[in-house]
Amino acid sequence: MSDTKQSIPKWREDFPIEQEFDDFITRRDFVRFLGLVSAGLMVGNASVVVSSLTHEEGPFPEMEVAGAADMKPGGWMVYKYPNEKTAAILIRRENGEYISFLQKCPHLACPVSYHRSNDEEGEHIGCYCHNGRFEVETGRGTQGPPRELRPLRQVVLRVDENSVTAIGLNEIHLA
Amino acid sequence: MPIGKPNFDLRPGVVASTTARLWICAVICIVQYWLLTASMEAFHGGNQHIALPMFIASAVCFALVAGLILTGEAGAKKLKDELKKP
């Protein structure tokens, strides 16, 4: 061990890196690497294009919302539509009208909830994560980050005398 | 033992131009990253129409980066060829 150490010249201890490795990561190498990163990001965008071309939505199932007919005006509930993984909210407004949206906030996908007060604030759909608010009539954002984003996605309802049935989702339209 | 020629570019301004290329490529990559995240966000939000323009913009960005890399490589190759000459 000591022989090996003695055989290493002093200058090698001060400059332990070979000249070939000294310029191993040059600016040019890093630029080449950025080229690879750029290509990867472009491929990522291409995969989104492929997904959007092959994506099919619907047909949506018809599903009766359990307990909706018993809701009192001003109440709201959460149910699953169009599948078991997607939450939606059903609101019964003071005038008796039913309206429903998917529960996912368009900002960062937090769950939204219905709020109603008797003061001037009235009713709105709110998102706790970033204090976002939406109009109950249209689902458009009125406060916080959702103002700049698309509205909540509306669930199309068929309201009969004794039942409320979800029959589909509205087309997305940009805010 | 004769001293060998340097195996890297020593022309004046090379460091500055390479650094400039590096920064421009880095900024373009940041833009591409934003394009990718924005198009994914739009896709998950149900907007299927924005993906293609985003991809075209990303491809243009990649073309710019590739052009900058090839310009630098071409300059370095030219120098190498000159150094090989006796």
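Author: β2(A) and β3(A) pair in the antiparallel sense over five bridges. Two strands pair if DSSP finds at least two bridges between them. Helices (H or I, at least four residues) and strands (E, at least two) are DSSP runs numbered from the N terminus.

Reader: Before we go on, what kind of model is it, and how is it numbered?

Author: This is a predicted model; local features need pLDDT of at least 70, side-chain atom pairs count only at pLDDT 80 or more, and totals for chains, interfaces and linings use all residues. Residues are numbered from 1 along each chain as its sequence is written, while chains are lettered from A and ligands numbered from 1 in the order in which they are written.

Reader: Fine. Which residue stands opposite Met77(A) in β3(A)?

Author: Leu90(A). The two strands β2(A) and β3(A) form a hairpin with six residues between them.

Reader: How many residues of β3(A) are buried?

Author: Five of its six, so β3(A) is mostly covered. A residue is buried if 20 or more other C-beta atoms, placed from the backbone, lie within 10 Å of its own, exposed if 12 or fewer, and partly exposed in between. Across the 175 residues of chain A, 24% count as buried.

Reader: What's the strand order in the open sheet?

Author: β1-β10-β9-β4-β3-β2 in chain A, six strands with antiparallel pairing. β1 (63–64) and β2 stand at the edges with a single partner strand each, so one side of each has no neighbour in the sheet. Inside the order, β9 (residues 154–159) and β10 (residues 164–169) of chain A pair over five bridges, with Val156(A) opposite Gly168(A) in β10(A).

Reader: Which non-glycine residues have a positive phi?

Author: Ala109(A), at about 70 degrees, is one of them. Ala109(A) sits in the loop between β4 (98–102) and β5 (112–116) of chain A and is partly exposed, with 13 other C-beta atoms within 10 Å. Asn131(A) is another, with phi near 55 degrees. Asn131(A) is exposed, with 11 such atoms within 10 Å.

Reader: Switching to the interface. How many residues of chain A contact chain B?

Author: 26, against 33 residues of chain B. Contact here means C-beta atoms, placed from the backbone, within 7 Å.

Reader: How do α4(A) and α2(B) pack?

Author: Helix α4 (residues 27–54) of chain A and helix α2 (residues 51–84) of chain B pack at about 160 degrees, with axes 9 Å apart. Axes are lines fitted to C-alpha atoms over the stretch in contact, and angles run from 0 to 180 degrees between N-to-C directions.

Reader: What does that make them, parallel or antiparallel?

Author: That makes α4(A) roughly antiparallel to α2(B); angles under 35 degrees count as roughly parallel, over 145 as roughly antiparallel, 65 to 115 as roughly perpendicular and the rest as oblique.

Definitions and conventions: Contact = placed C-beta atoms within 7 Å.
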